[in-house]
Amino acid sequence: MSENKLPSGIDRVVGQRVRWRRRELKLTQEKLGELLNLTFQQVQKYEKGVNRISAGRLFEIASVLGVPITYFYEGAEDFVDHENAQLAEDGDEIHAPVMNSEMLELISAFQKIEDMSLRKSLLNTVRAAASAFEFKQQD
């Protein structure tokens with residue numbers, strides 16, 4: 001396989017976003033595969049970023065999952081910037097963060113909060129807690 005056809009960091013981000021949405025809708029890989037006329041193994045490969053998702057297939061996935069195509073690219077800029085910074089520094093490959101069920105629940109619950117001022121307040125609280133934890137670890 002030529003190097004430009006190998007999955008990239010963006011492919012892993014897109015795959016992870018497919019997984020997030022699938023789990024948010026409480027669909028199994030098998031059920032999503034059925035809806036897309038795919039095997040669950042192919043869905044699994046897409047979600048892990050092992051196989052690239054074509055533009056046409058991504059359009060189908062977006063339709064089945066009820067999201068716009070742009071949903072799959074949200075946050076990708078941050079990943080690319082971080083990946084490029086890391087590669088420039090030491091040449092090590094960066095991987096998309098692994099999301100456990102607790103993190104997925106948090107994201108899902110947060111997305112359901114419609115009051116924007118409450119969302120902003122919660123986000124600031126989480127950021128403050130994370131900063132305090134970071135500060136303690138540096139001591």
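Colleague: At roughly what angle do the axes of H1 and helix H3 (residues 40-48) cross?

Modeller: This is a predicted model, in which local features need pLDDT of at least 70 and side-chain atom pairs count only at pLDDT 80 or more, while totals for chains, interfaces and linings use all residues. Residues are numbered from 1 along each chain as its sequence is written, and side-chain values use heavy atoms, with hydrogens and water left out. Helices here are DSSP runs (H or I, at least four residues) numbered from the N terminus, and their axes are lines fitted to C-alpha atoms over the stretch in contact, with angles from 0 to 180 degrees between N-to-C directions. The axes of H1 and H3 come within 6 Å and cross at roughly 120°.

Colleague: What does that angle make H1 relative to H3?

Modeller: Angles under 35 degrees count as roughly parallel, over 145 as roughly antiparallel, 65 to 115 as roughly perpendicular and the rest as oblique. With a crossing of roughly 120°, H1 is therefore, relative to H3, oblique.

Colleague: Which residues of H3 make the contact with H1?

Modeller: Contact means heavy atoms within 4.5 Å, and on the H1 side Arg12, Gly15, Gln16, Val18, Arg19 and Arg22 take part. The partners from H3 are Tyr46, Glu47 and Lys48.

Colleague: How is H1 oriented relative to H4?

Modeller: Helix H1 (residues 9-24) and helix H4 (residues 55-65) pack at an angle of about 20°, with their axes 11 Å apart. The contact joins Val14, Val18, Arg21 and Arg22 of H1 to Leu58, Ile61 and Leu65 of H4. The two helices are therefore, relative to each other, roughly parallel.

Colleague: How far apart are the end C-alpha atoms of H1?

Modeller: The expected span of a helix is 1.5 Å times one less than its number of residues. The 16 residues of H1 should therefore span 22 Å, which agrees with its end C-alpha atoms, whose separation is 22 Å.

Colleague: How many of the residues of H1 are buried?

Modeller: Buried means under 20% relative accessible area (1.4 Å probe, protein chains only), and the buried residues of H1 include Gly9, Asp11, Val14 and Trp20. H1 is largely enclosed by the rest of the structure, because the buried number among its 16 residues is 12.

Colleague: Which residues is arginine 17 in contact with, leaving aside its neighbours within four places in sequence?

Modeller: Arginine 17 has its place in helix H1, and because its relative accessibility is 7%, arginine 17 counts as buried. Leaving aside neighbours within four places in sequence, the contacts of arginine 17 are Tyr71, Phe72 and Glu74.

Note on methods
Buried means under 20% relative accessible area, exposed over 50%, partly exposed in between (1.4 Å probe, protein chains only).
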